[in-house]
Amino acid sequence: MREVSKLLLELFLCMLKVGAFSFGGGYCMIPLLRAEVVDRYGWLSGSEFVDVIAVAEMTPGPIAVNLATFAGYKVAGVWGSMVATCGVILPSLLLMILVSGLFFRYKRLPILQLFFRGVRPAIVGLIAVAALVVSRVSMVDSPTFVIGSVVLILALGTSVHPVILIAGAGVSGLLIYYW
Amino acid sequence: MRGRSSILWQLFVSLLRIGAFTFGGGYVMIPLIKHEVVDRRRWISQEDFMDSLAVIQSAPGPIAVNTAAFAGFRVCGTWGALAAVAGAALPSYVVMLLVAAVFSASVDHPAVAAILRGVRPAVVALILAAAVRLGERVLVDAPSMVWFVGSVVAIVAGIQPILVLVAAGVWGVGRRY
């Protein structure tokens, strides 16, 4: 029982950290989450992690919450999902309460704005690396490469919803690998 | 006191409805929250909401959560923020939990494995697309390009992503002063 509590605490603290540094929301969270959950703690394998992302993209709501819920579930069941979700939300909740309170007294916080403007290119880099890392377990043969390219073109060139793209890719996978 | 609980409840339910029907990530929720909180309920002025977006988008964490928290706080203080975030996150959490349970039980089935093999490259593509779209907006001058390339190299080399982000932010402040 103590083992489980220790795991839950680790998970909570880990998600607090991820939540606190995911500047820019869901996609930014992916590499940070991966660095913790796959690399540091080894709670999930690389391919399991990709599956978590896939499912998180398909369910409603903020992708960051979905990621936390699913990853938490995989690590430590229902309790894990609760703990992870609370952990990832808490830093932003507290920060927003703090900032909102100050907001109407000091409408612009120039130092913060400068900070965040500096961070953004690094975020793009972070997300690009995430794609790179995830591709290692995902692009394994020609069909996967084709699927990936098609989805990329559609995602950039059209406004087809991500859920549809993932569903289409899943059906393709089913057809190619099962039948 | 009753008026306050009623507002908290309304806040919770409004965000719950938005959270339940928003597919595809947090950014999509922002206009929906705005419509509900500014246009429909008139809890916050348009100007205040727009001004807040810069802060919300800059703050860490899920954007939808930040927007909900801000709107909730504006309407009804700390409790409002809690009610709004709870509403926004709850449908997500519940659905995800159900899906996770079903998913974990079925992942060994060869058909499911086949579907996943197809889905994984799509995930890569979507992440890459997100990077491209963000990059279009953000990589507008030489320093940002440098930081982009630098952060890719640094992270691949094994430096903690958090350190890279903080360094970039600090530089952003330092270059002005």
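Ser92(A) counts as buried because its relative accessibility is 0%, where buried means under 20% relative accessible area with a 1.4 Å probe and protein chains only. This is a predicted model, in which local features need pLDDT of at least 70 and side-chain atom pairs count only at pLDDT 80 or more, while totals for chains, interfaces and linings use all residues. Residues are numbered from 1 along each chain as its sequence is written, chains are lettered from A in the order in which they are written, and side-chain values use heavy atoms, with hydrogens and water left out.

**Setting of Ser92(A)**
- Ser92(A) lies in helix α4 of chain A, residues 63-103, a helix being a DSSP run of H or I with at least four residues, numbered from the N terminus.
- Leaving aside residues up to four places away in sequence, Ser92(A) touches Pro60(B), Gly61(B), Pro62(B), Val65(B) and Asn66(B), contact meaning heavy atoms within 4.5 Å.

**Extent of the interface**
- Chain A brings 97 residues to the contact and chain B brings 93 residues.
- The two chains bury about 8100 Å² between them, 79% of it on carbon and sulfur atoms; buried area is the accessible area (1.4 Å probe) that two parts lose on being put together, summed over both.
- Within chain A, Pro60(A), Met96(A) and Leu114(A) lose the most area to chain B, together 8% of what that side buries.

**Salt bridges**
- Between chain A and chain B the count is two salt bridges, each a side-chain nitrogen of Lys or Arg within 4 Å of a carboxyl oxygen of Asp or Glu.
- Asp141(A) and Arg117(B) meet through their side chains in a salt bridge, at 2.8 Å from N to O.

How values were computed: Helices (H or I, at least four residues) and strands (E, at least two) are DSSP runs, numbered from the N terminus. Buried means under 20% relative accessible area, exposed over 50%, partly exposed in between (1.4 Å probe, protein chains only).
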